[in-house]
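Subject: Structure handover

Hello,

Here is the structure we spoke about. My notes follow below it.

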Amino acid sequence: MQQLIMVENLHVHLKNQGNDVKILNGINFKLEEGELASLLGPSGCGKSTLLRVLIGLEKISTGTIVFEQKNIEMVKPHKRNIGLVFQDYALFPHLTAHENICIGLSENQFNNELFTQLVNMVKIDEILRRYPHELSGGQQQRVALVRTLIRSPRLVLLDEPFSGLDSHLKEDMAKELRMLFKKLKTTAIMVTHDQKEAFSFSDSIGIMRQGQIVQWSKAFDLYHEPQNRFVATFIGETTFIKAKKISEYCFYSALGEFKIDKKTDDGPFELMVRPDDIHIDGVSHPLANDEISIEGEIIESDFRGAMTLYLIQLENSECIKSLVPSHQKFERGQKVSFHVDMDRFIVFSENDKFNDDNLI
Amino acid sequence: MLVAKKISFFVALLVIIPMIFLLFSFTEVQTENWLHLIHFQLPTMLKSTAVLLVGVLLGTSLIALPLAYFQTFYQFPGRSLFEVLFLLPLAFPLYVYAAIGLTLFGLTGDITLWISKHTGLSPFLINIKNQFGLIQIFSFALYPYLYVTMREAFETHGGKVFEVATSLKIKKSVAIRKILLPITKPWYAAGIILIAMETLADFGASSMFNATTFTTGIYRSWFGLFSLATAEQVASMLMIIIFICVFFYKKFESKKNYSMAVKSISPKKKKLKGVKLVLLYLGYAIFLVAVVGVPFYFLFQKTILVLGGSRGDDFILSLQAPLYHSLYLSLIATIIILGLSYTMAYARRFQLKNSFDIFWFETSKLGYAIPGTILAVALYVPLNKIDQIIFGKSVLTFSLIPLFLGYTVRFVSIGLNPLEVSFKKLSSSHSSQIIVYGLSSLTQWKKIYFPLTVTTALSAFFLVFLELLKELPITLMTRPFGRDTLAVKIFEYTSEGDWDRAAVPSFILVSLGIVAVIMVYLRFNKKYS
């Protein structure tokens, strides 16, 4: 696959009440044609600004954006061949859905075949004569999407496109959108703070924090191989317990002795424990020969439909979480024994936690 | 299009410069005139202005609050029709109401004499040419300002209030007293302060009732004591009172946003049936007959009478010029004002970013708070100085310039406010979208700005046109010779006690006004549909 966009060492400073504020602080990533990516991060981390910079609505302070093998810093927004779907959809209130889609397109630019294809694909053929206030949030979003796609951009940027929709609709819409883009072979970057949306939509995800991309990986790797404590905390459920280095690759914690395959700096250390790596005995996982059973007390439960998340207090008062099929019920105060998948353990230096805290 | 920004500054300067000239008038105090004012007029002026204010605020509240309540919370056949009927007093200039009131209920009024003849009551007891009568006239003419703001308040907050009250098992009467009325205070204050400003600004009605208010005081100082300086000084005092009103108006306007933090739900309207419905219709009918029916019929009947008389044809011919002046002066001024308002609203949305620019913009809207009498004085003074310095004779002061400047300063905010809201419909995302699609300026105007604002611009046009048709003090005090308007004619005839003749221009003016009110209403109604 051919590379479509490459962002290198991008810095953006914006003026806020006369002060120069760093919004983006050394962004780097690449995207291939047809790839679907998400930028995931907490509010105010610079995700939306990054989209505005890519399309040319904000100026670059330093760094380069190479798009279609050209540096596009000086290219005007409407000449960049990039489309943007705004968070509030930005449909013009006095124009019908059809007029909104066609705004600014001359007869020569209007591709009737593509229009029919898109309208049928996103099922808005019956609402084209309606005004934005007569449309639901989902319908407005589809109209905004068609308005962007009808211009055949090489790259589509989506700024929190599902934020106005009901929670049960979000994942469905994300999947639907993924299918549509894959069908059209369109490259897209979606900004969101909802990890489920990002997982459903993307091939790869960039986790953003304080104007930086702290990890760019596939969803599976973000969960199972987070590169720092922030990513580990931001993606999925996790708990940390203290770990002591015994030798170069060997550690000891309240869950017992374990080995890791990466070299670490000097401690103190923390062990990241995912709830799906903790198996309460007798529930689903028969003990293998080399597994050791550990004891703890259930102190809290959080019912989540198919699964229940239990908080287990260890003998040294540290806590871990375990995700258990919900038909297996345990009571608060109940003593349980459990075993762990030690080969999936990841260790972080406590200095990493210190750095994270400073960033918050 | 940065010229739009400059126009904002220009209009703000038009508001500020006359005010500065007024304040500087205190450098030459004419002791004799002031002694006369202090001994004979100022105490009465202060007292009667205060009594008038309190009375009108009470009167308009007693009318507007129940009407807004019934219109918001009850459903009955003809409710929408009443909505427009309750706005019709806006078509009647205050001085026309005053003239009708005096013709019917004055000492020698038609109804006064009829009642006196049949009941033996002294005409002095029925005569409304007193402070109480003036308060009634003001209340009938000005209540729509409060009615409109309270309708908005009840419509946006009433639903939530009664839902919460029901869930907490609070009685309806308690909910109204303890929740609904306190929560809608900012709207009430905004409406009532608008009425206070209109009351303080009135000149025609007060002078017909021989009331000694600030505005009549200014007029008398200028044309009675022949002292422009004293008139300026009285005007400055009134201006200070008005700006205190503006300060509180702005304060309550900003609180509206605070109250609006609650998501509004439209109130459920209770269906009225049986006796209650009959009683409501009866109440509405009596009220509408009093405030709209009788005045309109009176004007119509007098018009027929005058025009059917021996010199009716001559009279109608004599009104052709004032009608023409009213229409063309109002039309030209409306076009100027709308052009300025449109440009300024555009500038506010896309160009005015820093607080300094916004301060100028907001200042340009203060003109509406300045009574016409003050503006006339305040604009005349600098123009007179320019005349003396440049021409050595009255050139600018004898032209239409003071008139159009006065109209612009006073009424630009009426056009500007709705257009500003209309342009605000375009969010920052819309602006970005326009950039991303690279729409040309022509396309932007043709496809976006113009279609988006055209309906509002039209209703703003009718609003401004209506106000200009009714305008009296600026026209009376600054019009060039031979440019009498219908409003001026009404004032002249009523000053001479010729009520019958005054009815004909009034009828024409009110009929034009009713058309304008209906046009404006169509948009108001849309808001709640």
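Start with the interface. Chain B and chain A bury about 1600 Å² between them, and carbon and sulfur atoms give 70% of that area. Buried area here is the accessible area (1.4 Å probe) that two parts lose on being put together, summed over both. Three residues stand out on the chain B side: B:Gln433, B:Val436 and B:Tyr437 supply 37% of the area that chain B buries against chain A, more than any other three residues. The contact (heavy atoms within 4.5 Å) takes 21 residues from chain A and 17 residues from chain B. Salt bridges between chain B and chain A come to 0, counting a side-chain nitrogen of Lys or Arg within 4 Å of a carboxyl oxygen of Asp or Glu.

Before the rest, the ground rules. This is a predicted model: local features need pLDDT of at least 70, side-chain atom pairs count only at pLDDT 80 or more, and totals for chains, interfaces and linings use all residues. Residues are numbered from 1 along each chain as its sequence is written, chains are lettered from A and ligands numbered from 1 in the order in which they are written, and side-chain values use heavy atoms, with hydrogens and water left out.

Next, a sheet in chain A. It is open, with 5 strands in the order S13-S12-S11-S14-S20 and antiparallel pairing. Strands S13 (256-259) and S20 (346-349) of chain A are the edges, each pairing on one side only. The twist averages 40 degrees from one strand to the next, with axes as lines fitted to C-alpha atoms and angles running from 0 to 180 degrees between N-to-C directions. Strand S14 (residues 269-273) of chain A pairs with S20(A) over 4 bridges, in the antiparallel sense. There, A:Glu270 stands opposite A:Phe348 in S20(A). Strands are DSSP runs (E, at least two residues), as are helices (H or I, at least four), numbered from the N terminus. Two strands pair if DSSP finds at least two bridges between them.

In chain B, look at B:Tyr342. It lies in helix H14 (residues 312-350) of chain B. B:Tyr342 counts as buried because its relative accessibility is 16%; the cut-offs are under 20% for buried, over 50% for exposed, partly exposed in between (1.4 Å probe, protein chains only). Beyond neighbours within four places in sequence, its contacts include B:Leu419, B:Phe423, B:Trp445 and B:Ala457. The C-alpha atoms of B:Tyr342 and B:Ala457 are 7.9 Å apart, across 115 residues of chain.

Best wishes
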